[in-house]
Amino acid sequence: MKQTEKTIRESQGRITRRGLMLGGIQLGVMGILTMRMRKMQLEDSENYRMLAEGNSVKFRLIPPTRGLIYERNGLLIAGNEQLYRISITREDVDDLDRVMADLRELIPMTDEQVTDMLAELRKRPRTVPVTVADRVSWQEFSRVAVNAPALSGVTPEVGLSRIYPRHEDFAHILGYVGPVSDYDLSKIENPDPVLMLPGFQLGKLGVEAKLEDELRGKAGQRQVEVNSAGREMRELGRREGTPGENVQLTLDYKLQNFTLQRMGDESAACVVIDVTNGDVLACASAPSFDANLFVRGISVNDYKTLTQDDHRPLADKTVQGLYPPGSTYKMVTALAALEAGLVTPDEKIYCRGFTEISGRRFHCWKHAGHGYLNMMQSLEQSCDCYYYELAQRVGIDRMSAMAERLGFGQKPDLPMSAVKDGIAPTRAWKRDRFGKDWQVGDSVNASIGQGYVLVSPMQLAIMAARIASGKEITPHIIKSKNGIEVPRPEPAHLNMPDAMLNNVRRGMDAVVNGVHATAAKSKVVKAEWRMAGKTGTSQVRNITAAERARGVIRNDQLPWKRRDHGLFVCYAPVDNPRYAVSVVVEHGMGGSTAAAPIARDVMLFALAGGLPPLDAYPKSQRAQIEERFSKLNLVDPDLAKPSGTSRA
């Protein structure tokens, strides 16, 4: 019994000690918690109050810097300029109408602009920032920045916008960028989130559009802490994006500028190709336009002026314009006949001024006829009847096959907008297109570049380059990306014997330098720059038998849009070709009068590396040439001073 009582007393003692220990621990923990609560409530209350207002973490995209574009000599032709803009994120706005009203007190906005912006903000997802004022002044930007704490959801931003320092010179090739539209997004399967950023610009046309992925770059990211009002409290982290690639084109800015200036007020196009490698050195469509207008938001009046101009300044005639090639196509017909063995270079064919087929007369441009001509003479004097005869021997399918080998009927692989492939018609093509059989008369028309045949100025330059080189020259306009040369494969041989090509080359030489040359007035007298070429005049209207009977109306008596197109293709130097040039002057009336003089000046500029020396021209023309050059608005003032002798 005594033993049991003793055991009970010892157990009670142990329980009491354990209780005291637990109680002490509890009191200690409570003391620590009390001290912590005191610190949080009294000493750190301000910090926690700020966090309690809404310490959310958000990620913001950092727009990448768009890649720059240079011409072949390193001149910047598409760059970026700093601008100031104001954006609003609706998710962070308490009262959108009030914020817009407050913002209007700081920057000028019309009622219409406010209405449009409110509609745009309510249309977009709440989390997407929307630009409500773009290209604001520094003073306006500063006023908004100072008042930003009172403007929920409003963010003043410093951004970049595209700028084209050469204005009109490269507009058609480069194209332009513009704000991302709903239509743009609808064409992209999985749009890059960066396209949703306010003020972000997307390539719309030309190189800017075709190389959009390379030029755009990759967006970066910022991790920011924002309060309940949506204002950024601090930046927690940053990952910079990847700038877009810098691109260098093959174009030469001085030659491009001169070419555009030389075409003046004409509705025309000119292409210059390096015969040795296919580099496009100039690709000018006149008239041009200032691409900066579209980047900054073109006005209704400016856009109306461009769209209503009958010379079509917005169209890139070099690759989008399709024209009957006229007599420039005669080289195609001649080569097709030579290759088929259906004519010899020395065979003479009689021209009496017309050829009659199935009761219909096909006329030569020379009413009295040329008499007997061989191939070289037929090209020199551009006799139509000679090629009417060849057409009946060769047929359209052989002519079109040769045309394709020379670059017609095929779309050039160029990063430009709306590049056309033209038409090199065949029997099957007409049957598929019109459900009709091919006629002999169709071949006769095609043999002189009329009828269904359509080509672009770029294709004409390709043809001239291939005839000059004997190789399948392919045009290129991208020289390098991020300083790395874009590889260009060695052009294959045309698989035409030089002897066959030489027959046509001699004819093209005679067109400019022969006794009866149709382009004699565009002769180059400097022997080492001797030029070969071919004139072309393509009709845009039908001449009826009744009109021929009473006398064909002269071009200069017709309305501008009913006049013939003037064309010219050439290459130089004759003995060692370096450049090929094509010129098309819409409604210019004649290739020898409208297109050839432009082509000669452009060719000489390319050969001289600057304004052509006067001694390259016949003496009788030098005063006129000097006066013409003095009126050009050239990119380099020194270029406006032609020398009397050749430049090194």
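Visitor: At what angle do the axes of α13 and helix α20 (residues 498–513) cross, and within how many Å do they come?

Guide: The axes of α13 and α20 cross at roughly 150 degrees and come within 10 Å, where axes are lines fitted to C-alpha atoms, for helices over the stretch in contact, and angles run from 0 to 180 degrees between N-to-C directions. This is a predicted model, in which local features need pLDDT of at least 70 and side-chain atom pairs count only at pLDDT 80 or more, whereas totals for chains, interfaces and linings use all residues. Residues are numbered from 1 along each chain as its sequence is written, and side-chain values use heavy atoms, with hydrogens and water left out.

With that crossing angle, α13 and α20 are roughly antiparallel to each other, because angles over 145 degrees count as roughly antiparallel, those under 35 as roughly parallel, those from 65 to 115 as roughly perpendicular and the rest as oblique. The crossing of α13 past α20 is right-handed; a crossing has that name if the near helix is turned clockwise from the far one by less than a right angle, and is left-handed if the turn is anticlockwise. On the α13 side, the contact (heavy atoms within 4.5 Å) is made by Met 331, Ala 334, Leu 335, Leu 338 and Glu 339, and on the α20 side by Met 500, Leu 501, Asn 503, Val 504 and Met 508. These residues divide into eight nonpolar, one polar and one charged, where Ala, Val, Leu, Ile, Met, Phe, Trp, Tyr, Cys and Pro count as nonpolar, Asp, Glu, Lys and Arg as charged, and the others, Gly among them, as polar. An α-helix has 3.6 residues a turn, so residues three or four places apart point the same way.

Nine of the 10 residues of α13 are buried, so this helix is largely enclosed by the rest of the structure; buried means under 20% relative accessible area, exposed over 50% and partly exposed in between, with a 1.4 Å probe and protein chains only. The buried residues of α13 include Lys 330 and Thr 333 as well as Met 331, Ala 334, Leu 335 and Leu 338. Just after α13, Gly 341 takes a positive phi of about 70 degrees. Across the chain, buried residues make up 50% of the 648 residues, and the secondary structure comes to 23 helices and 21 strands, where helices (H or I, at least four residues) and strands (E, at least two) are DSSP runs numbered from the N terminus.

The loop between α12 (300–307) and α13 (330–339) holds Thr 318, which counts as buried because its relative accessibility is 0%. The side chain of Thr 318 makes a polar contact of 2.6 Å with the side chain of Asp 316; such a contact is a pair of N or O atoms within 3.5 Å, and within protein one must be able to donate a hydrogen and the other to accept it, while residues adjacent in sequence count only if both atoms are side-chain atoms. From C-alpha to C-alpha, Thr 318 and Ser 582 are 9.5 Å apart in space, although 264 residues separate them in sequence.

Helix α10 (residues 253–263) and helix α22 (residues 591–608) have axes that come within 10 Å and cross at roughly 160 degrees, which makes α10 roughly antiparallel to α22. The crossing of α10 past α22 is right-handed, and among the residues that meet are Leu 255, Phe 258 and Arg 262 of α10 and Ile 598, Asp 601 and Phe 605 of α22. The residues of that contact divide into eight nonpolar, one polar and three charged.

Helix α15 (residues 384–394) and helix α18 (residues 440–447) pack at about 130 degrees, with their axes 8 Å apart, and are therefore oblique to each other. Tyr 387, Tyr 388, Ala 391 and Gln 392 of α15 make the contact with Val 440, Ser 443, Val 444 and Ser 447 of α18, a group of five nonpolar, three polar and no charged residues.
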